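Hello,

Here is the structure for you to look over. My notes on it follow below.

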Amino acid sequence: MSLWVDLYRPRSLEDLHYHNELSNRLKSLASSGDFPHMLFYGPSGAGKKTRITCTLKQLFGSGVEKLKIDQRIFLSPSKRKLEINIVQSNFHIEITPSEAGNYDRVVIQELLKEIAQTQQVDLNAKQRFKVVVINEADSLSRDAQAALRRTMEKYMSNMRIILCANSTSRLIAPIKSRCLLMRVAAPDAEAMQAVMQHVSKRAGFDLPPDVATKIINDSGGNLRKAILCLEALKMQSPDLSGTLTIAKPDWETYCHKVADLIVSEQSPARVMEVRQKFYELLSHCIPPTVILKTVADRVVERVDEAIKADVMHWAAVYEVRMRMGSKKIYHLEAWVVKVMSLYKHFFYGMDLTGFD
Amino acid sequence: MAPKSSQKSSVAVQKAEKSKTTSQITTLKLQPSTANTKRINPLTAFVNLSQERPSSTPSSTKAKGKQKAKQVEKQPSPNLEENGQLWVDLYEPQSEGELAVHVRKVENVRNWFREALEGGPSGKLRKYRRILVLTGPAGTAKSSTIRILSKELNFETLEWRNSMGYLYQDSLSTSRAPDDTMFTKFQLFLERASKCQSVFTSSTTISGNGSSPLSPPPRSTPTSSSNHRIILLEELPNILHSNTRSQFHDVIRSLLETNDPSPVPIVIVLSDSGIRGEAGDERLASGSWGRDQDGAVDIRTLLPKDVLQGPYVHEIRFNPIAPTLLKKALQALLNRHFGSKSPITGQMLDVVVDSANGDIRSAIMALQFASIRLKKNPKGGGPQVLVESITRREQSLVLFHLLGKVFYNKRKGDPPPPSALAKDIKKDQELDRRLEDPPELPPHLSEHNRKASRVDVNTIYADSPIDSSLFSLYIHQNYTQFCTNVDECDGIADWLSWADSSGGEAWHQINPYRFHLMALGTLHSLPTPVPRLSQKVYKPDFFENLNKEKEAREGVRDVRSWIIEQGSDSGWDLSAWTPKAIATELGGILRAQDVPSSKTLSPTQRIPLSHRTFSSLKFIHPRTEIRTLGREQLSEGDDGELYSDGATVLEEQQDMELWQGGKDEDMFSKAEVEWWKESDDIVDS
């Protein structure tokens, strides 16, 4: 039993519900015979991956749906074995670099070389090239991106790369300039409503529009989140009646409570408590950036107008440091302490000049 | 293996005779009794055994590798004593009373030997006393303790030594293929030493009585009772090489598996050796560091994990020799050597004791050199200068004191704590006199005005037992207790964050000044003086959480591969599911599925249960009365080394899929029940 998100995912460019112009463009690109490297970017849950899969189908026909999962073993420079699951069809291959962790460069290089050096042997294939889809391209390390840059030029004849990323800001410029950029924006409420109704029809039940609206409002343009939420709701109360409360994910409530902790007391001991909470969040695989963002949003809601800008400014500063550094907790905590200090100074009406 | 080794032993017997001369060179002989005509020494062909030395040749009184090496090296030097002996060898302790080790420590070791050789009070402990590992810094009388106990308890020691000379000899003198590696020899040695009892007992005889002060009195072991033997491993095969290490582990395991009713206990003497280096930082933080590249041997690399946790291995850790004991021992030595007119003054002795850091070997060496210098040039500067010139030894700072220095942030003119000794106060005052006041800062920077710090960052950096990464973790874990308000915390947290993010991505781009930045930043941000509220220093929780995170990551991966598999059954590509999306968005579904009343699914359809590692998160509001500052407190005896190893152990445990505290304990207790047979009736363990 797949999840609804997967079960009712559109399979071809024609089935897509929104961003029709983009769909048309993709269709004409796929049929032009001169397919470029592409970079899809946009917020999560906007349908980037769905569009990539549809484009692949447009390119190669239904053959791309014959998938196999291979477990491949790569050797890191220090002779550590990395086992990585790779999804591939005869025409394309997918990589999720975060599986390879620090050694993504090795994996990318090995895989790309291998694909680039094998010709398409299937005479019935519609295209002479294979496609490499790289998910989460923005989590590629610098090394891996640099490795990619060279390969993209060298093996253009029998390979195309489709990158999928949340934002282009973490990709190095040479890669961006080698790709055709495709922005997939988050769907608006109307489009989401249509999709939700479509899903519920396929799943065989009627979705009251007000429930859908509630879910949509809560999901913040993330269609995947909305559909997952719908499914969870349906599981909990099959008739979707009565007062439905859309439960926030555990980690989100948790982050909000952490924010409350920060605002309610500013002391070294409280710093320790907040640290414990951060550790707890981190050890549940919540990405540190998401933690920082969620907590900061909540803190901003709770503090006075005068220091809102500062709170966000420091959140941005420490987010950058977090990316450069290796121990996430330092930066999360440094931000917390900074906010506490700001808040306290504001509270006591003290002069903040020279406080950097 | 067995038939092969028996073949080899016959070869060995022949070779033993041919290599008589070589055994002289390396001072190792298997009880060369003059009365004994058949000289069958199967082991000397391969190894050096620490056996009785012929007492007539003083140069071979020591069988210990390191000291021996020193001896050979120093002998030509005309500066040495008339007979060319080092004091370390000359005045080797002969009885427990002379040993500068704490009585209780010796007692521990003695008890172990009693139990290993006779089985303890109940007589049943023998099978569990298989391996003893003596660890501790160099020069803490580990080997001497064994030697003295071997005399006292009347057992003989068979010692393994890596000697490259034999390789060459073998290839020349025998037809056997010279490709017999060191390790094969080691393996043969262990096998024979632990099995071929009869060979040893027959060839072991009483040797002459040569109890001069120059040589230790030989163990007079009557043939009837000489069946007490131990195997002493001071030199080990190159276990840093991963192949050799796994071979070594296999050998140890197979030794432990043999059900010999009277096993030969193995004693491994392991001196601590430290690792330093910034290259480890990145790997440490990312949690994906292999132990392979680190050049340190410790008990955890030495013995496989299962053996280490099993009932057969005991570790006794020797601490650096306490200054009082050290001073007493040195004084006794001086008295014996010079009588009452020692050229070494009490003051000099103090300096030597201070600088030795509990290393008695280095202290004795220093004394000997000092006395030589004094003899040649009686008025060569003050005692301080003289002794310092010969005892330039890197003083390592115990982690506990390192953190104390940083966190207490002492500055010039701070009032001494009420508990301070007069000596310390005087030392501080002297230090203050030498410290220069920093120039006054302009008004707009006046908030950064501080008095001169008594902490010299360069010195603590040089003496630090831990690298900058671990140092920052310790600071991070503990700084809040030493701050009085949030602003001070802010300073330190900002420095931690800044230092962590400085430098590039690759290991070689790491900012080399991290340690300094962190230490100086912390010192600058802390209040002066730091209020003393009996703060306790804790070990970082970082690693524990890192391990939890890794476990949760596994859970995410499981769920992801479940989703993908579900999809591939239907021919859909679902690899778009990123771990992030799973961790942050799937929570609701997972919880709904987890409800037991949900319709039963076949096992393949069910979401893997490991999702619980990341999907459920309960907020527990911190109770103000219980402020947890850390899980494990740092004590004075801890060094960073030990702790960073702890992290590795956790990591290894995680590899073996037992990672969390609670779970871990369960495993242990269960395992223990299995290992300790109930019939054993163990009095103490």
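**Strand pairing and confidence in chain B**

Strand β1 (residues 131-136) of chain B runs parallel to strand β4 (residues 266-271) of chain B, and six bridges join the two. One point to look at in β4(B) is L270(B), the bridge partner of T135(B).

Please keep in mind that this is a predicted model.

The two strands belong to an open sheet of five strands in chain B, in the order β2-β3-β4-β1-β5, with parallel pairing. β2 (156-160) and β5 (313-317) of chain B stand at the edges with a single partner strand each, so one side of each has no neighbour in the sheet. On average, neighbouring strands of this sheet are turned by 25 degrees against each other, direction ignored.

Now to confidence. For the complex, the predictor gives an ipTM of 0.80 and a pTM of 0.63. Chain B has a mean pLDDT of 66, with 59% of its residues at 70 or more.

Which elements of chain B have the lowest and the highest mean pLDDT? The lowest, 33, belongs to helix α29 (residues 661-675) of chain B, and the highest, 90, to helix α23 (residues 514-525) of chain B.

Two stretches of chain B should be read with this in mind. Over residues 1-81 of chain B, pLDDT stays under 50, and the model has 134 contacts beyond four places in sequence for them. Over residues 165-179 of chain B, pLDDT also stays under 50, and the model has 18 such contacts beyond four places in sequence.

Regards

Notes: Residues are numbered from 1 along each chain as its sequence is written. Chains are lettered from A and ligands numbered from 1 in the order in which they are written. This is a predicted model: local features need pLDDT of at least 70, side-chain atom pairs count only at pLDDT 80 or more; totals for chains, interfaces and linings use all residues. Two strands pair if DSSP finds at least two bridges between them. Helices (H or I, at least four residues) and strands (E, at least two) are DSSP runs, numbered from the N terminus. Axes are lines fitted to C-alpha atoms, for helices over the stretch in contact, and angles run from 0 to 180 degrees between N-to-C directions. pLDDT is the predictor's confidence in each residue, from 0 to 100. Two residues are in contact if their C-beta atoms, placed from the backbone, lie within 7 Å.
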